[in-house]
Amino acid sequence: MFAHPTVPVIAIDGPSASGKGTVARRIADEYGWVYFDSGLLYRAVGMIILTNQVDLSHLDRVNWATIVAQLNPVVMAHPDLKLESVGQLASRVAAVEALRTQLMYFQCNLLSKLSSDQFLVMDGRDIGTVIFPDAWLKFYITASVGVRAQRRHSEMKKRGVHHTLEEVAKDLEARDFRDLSRQSAPLKLAHDALLIDTSHLTAQEVFQRLCYFIDAKLKKAFA
Ligand code: DC
């Protein structure tokens with residue numbers, strides 16, 4: 001059993017298409033920990049408000065507790081959640097503070113699902129800054145817009161989704177702007193996060209780098 005002076009969370013924040021989700025999932029697999037993609041929450045909320053035909057110009061009038069109550073494993077696993085259009089919508093609803101407060105309770109509750117020897121590996125935009133400021137270890141994963149656009153573009157191509165590289169880059173920039181400039185919990189580097197620029201790293205190298213820091217910290221915790 002681990003002794004935690006902090007909460008047992010590995011927070012992995014960063015902009016879209018930085019590779020944070022891929023590495024977070026691999027870390028959870030490698031160590032037998034629990035993975036949670038917080039972006040899915042905002043994507044699912046985006047889909048729910050689309051289904052409920054909520055007027056996007058009146059997000060301030062939405063009863064967010066009712067919307068959040070509709071989140072369930074089926075909604076969270078919907079294949080359309082990964083669409084870029086849903087990502088854009090997620091980024092719009094993510095600016096609403098009242099929604100973020102509701103989702104904060106949801107995310108903090110995830111800790112109760114951990115067994116005593118597990119960590120929660122969670123990726124998002126505000127995990128290390130707002131949701132779990134006392135996380136055991138924090139990473140901020142980033143890459144240049146050009147590299148992120150290339151990655152997103154080839155990943156979309158593999159899925160049979162065709163957009164030009166310029167369109168993908170423009171969408172990423174729009175999303176970055178919204179995520180970085182919103183008033184409530186904007187994407188930012190936590191003062192105690194390890195910054196990893198993946199622009200010139202392979203997914204395997206990113207994974208190895210994170211494992212290095214995790215192993216070093218685990219070793220120290222048991223020394
Ligand atoms: O990580 P993602 O692309 O699935 O996230 C979709 C949007 O959700 C992202 O543009 C901003 C928002 N988001 C957020 O505001 N806070 C989080 N912790 C995770 C995602």
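Q: How many bridges join β1 to β3?
A: This is a predicted model, in which local features need pLDDT of at least 70, side-chain atom pairs count only at pLDDT 80 or more, and totals for chains, interfaces and linings use all residues. Residues are numbered from 1 along each chain as its sequence is written, and side-chain values use heavy atoms, without hydrogens and water. Strands (E, at least two residues) and helices (H or I, at least four residues) are DSSP runs numbered from the N terminus, and two strands pair if DSSP finds at least two bridges between them. β1 and β3 run parallel, and the bridges that join them number five.

Q: Which residue in β3 is the bridge partner of Val-34?
A: β2 also runs parallel to β3, with four bridges between the two. The partner of Val-34 in β3 is Leu-120.

Q: How many residues of β3 are buried?
A: Buried means under 20% relative accessible area, exposed over 50%, partly exposed in between (1.4 Å probe, protein chains only). On one side of β3, Leu-120, Met-122 and Gly-124 are buried; on the other, Val-121 and Asp-123. The strand is largely enclosed by the rest of the structure, because the count of buried residues is five of the five.

Q: Which residues come nearest to the ligand?
A: A residue counts as near if one of its heavy atoms lies within 4 Å. There are 16 residues around the ligand. Those that come nearest are Arg-43, Arg-100, Asp-126, Arg-175 and Asp-179.

Q: How much of the ligand's accessible area does the protein cover?
A: Polar contacts pair N or O atoms within 3.5 Å; within protein, one must be able to donate a hydrogen and the other to accept it, and residues adjacent in sequence count only if both atoms are side-chain atoms. Ligand oxygen atoms lie 2.6 Å from a side-chain N or O atom of Arg-43 and 2.9 Å from one of Arg-125, while a ligand nitrogen is 2.9 Å from a polar side-chain atom of Asp-126. On its own the ligand has 450 Å² of accessible area (Shrake-Rupley method, 1.4 Å probe; for residues, only the protein chains shown count as cover). The protein covers 97%.

Q: Is Arg-152 buried or exposed?
A: Arg-152 sits in helix α8 (residues 145–158). It touches Ala-17, Glu-84, Val-168, Leu-172 and Arg-175, not counting residues up to four places away in sequence. Its relative accessibility is 12%, so Arg-152 counts as buried.

Q: The backbone oxygen of which residue lies 2.9 Å from a polar side-chain atom of Arg-182?
A: Arg-182 is in the loop between α9 (165–181) and β5. It is buried, at 8% relative accessible area. The backbone oxygen belongs to Ser-184.

Q: What is the relative accessible area of Ala-94?
A: Ala-94 lies in the loop between α5 and α6 (97–109). Leaving aside neighbours within four places in sequence, it is in contact with Tyr-42, Arg-100 and Arg-182. Ala-94 is buried, with a relative accessible area of 5%.

Q: Is Ala-77 buried or exposed?
A: Ala-77 is in the loop between α4 (73–76) and α5 (84–93). Its C-alpha is 8.6 Å from that of Leu-40, 37 residues apart along the chain. At 57% relative accessibility, Ala-77 counts as exposed.

Methods
Contact = heavy atoms within 4.5 Å.
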